[in-house]
Amino acid sequence: IVARYANSRPHLLTVFVQNALRDTAGTLEQGLNLPIYFSLGEVEADIFRRINVSCGSYMPIGSVKLGIALRDYNGSKNDYIDLCFISHFRPLMLQDSPLTLDLSIENINRLLFLLTCQYAISNKLSLAVLSKNRDPSSLKTELDYFESLASGHPISFVEGDKGAREFLTYHAALSSQLIVHPASTLGFELFAVGHKVLFGASAVEGLVCEWGIDEYFRHLPDIVVLNSV
């Protein structure tokens with residue numbers, strides 16, 4: 001809607017600032033014409049070509065949210081976390097007859113967390129889970145989900161929101177030794193600034209293509225991408 005409005009009012013400066021991964025499976029309407037687009041990087045240009053999205057001006061400036069989080073981060077030894085798992089859980093994944101893609105994402109989310117939790121237990125490491133959801137009801141469902149999978153192993157559950165706790169998940173990830181996730185924007189952001197990150201959606205054959213995020217994984221070095229065996 002904003003793109004159509006901007007194209008009908010060319011005298012008004014309109015800038016789109018990317019705040020999450022884009023995909024080829026439906027994030028953006030195909031054939032859009034965007035006036036000015038501040039992207040996370042160069043990958044989105046390849047995605048836009050595939051879905052026929054054009055930009056009057058395409059500017060890869062990086063993540064604005066990550067920049068703010070880094071500016072405000074005052075990490076200390078007391079904040080240190082060994083392992084950090086970025087959740088991709090949504091309550092709709094547990095509803096009756098979920099979409100095939102949602103079911104696949106829930107499966108890899110569950111598998112990765114179980115493996116991470118087992119590793120934490122075996123090596124006596126601290127483990128934090130960064131929430132995907134933001135509203136209180138969904139956060140409660142998400143916490144119950146991970147606590148049931150953890151089977152009594154203590155986990156720190158970091159709850160973000162769209163207010164005062166907007167950057168808590170960023171700061172927790174910045175203080176961790178290793179980040180594990182299926183395919184989170186936050187995971188890509190932290191990898192871009194040199195943190196140790198494992199990307200797990202590729203462990204299920206065909207999932208990243210079904211998800212429409214294969215362009216992002218294509219640009220990653222093999223050493224950080226999990227694959228099925």
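Analyst: One term to start with: buried means under 20% relative accessible area, exposed over 50%, and partly exposed in between (1.4 Å probe, protein chains only). This is a predicted model, where local features need pLDDT of at least 70, side-chain atom pairs count only at pLDDT 80 or more, and totals for chains, interfaces and linings use all residues. Residues are numbered from 1 along each chain as its sequence is written, and side-chain values use heavy atoms, leaving out hydrogens and water.

User: Ok, which residues of α5 are buried?

Analyst: S138, L139, E142, L143, Y145, F146, L149 and A150. Helices (H or I, at least four residues) and strands (E, at least two) are DSSP runs, numbered from the N terminus.

User: Where do they sit around the axis?

Analyst: On the same side of α5, because they cover an arc of only 160°. The arc is that of the directions from the helix axis to the C-beta atoms.

User: And what's exposed on the other side?

Analyst: P136, S137 and S148.

User: What covers the buried ones?

Analyst: The cover includes β4 (81–86), α4 (100–122), β5 (127–130) and β6 (156–158). Contact means heavy atoms within 4.5 Å.

User: What follows α5?

Analyst: S151, with a positive phi near 50°.

User: New topic: in what order do the strands of the open sheet come?

Analyst: The order is β1-β2-β3, with parallel pairing. Two strands pair if DSSP finds at least two bridges between them. The edge strands, β1 (15–17) and β3 (54–60), each pair on one side only.

User: How many bridges join β1 and β2?

Analyst: 3 bridges, and β2 covers residues 33–39. V15 stands opposite I36 in β2.
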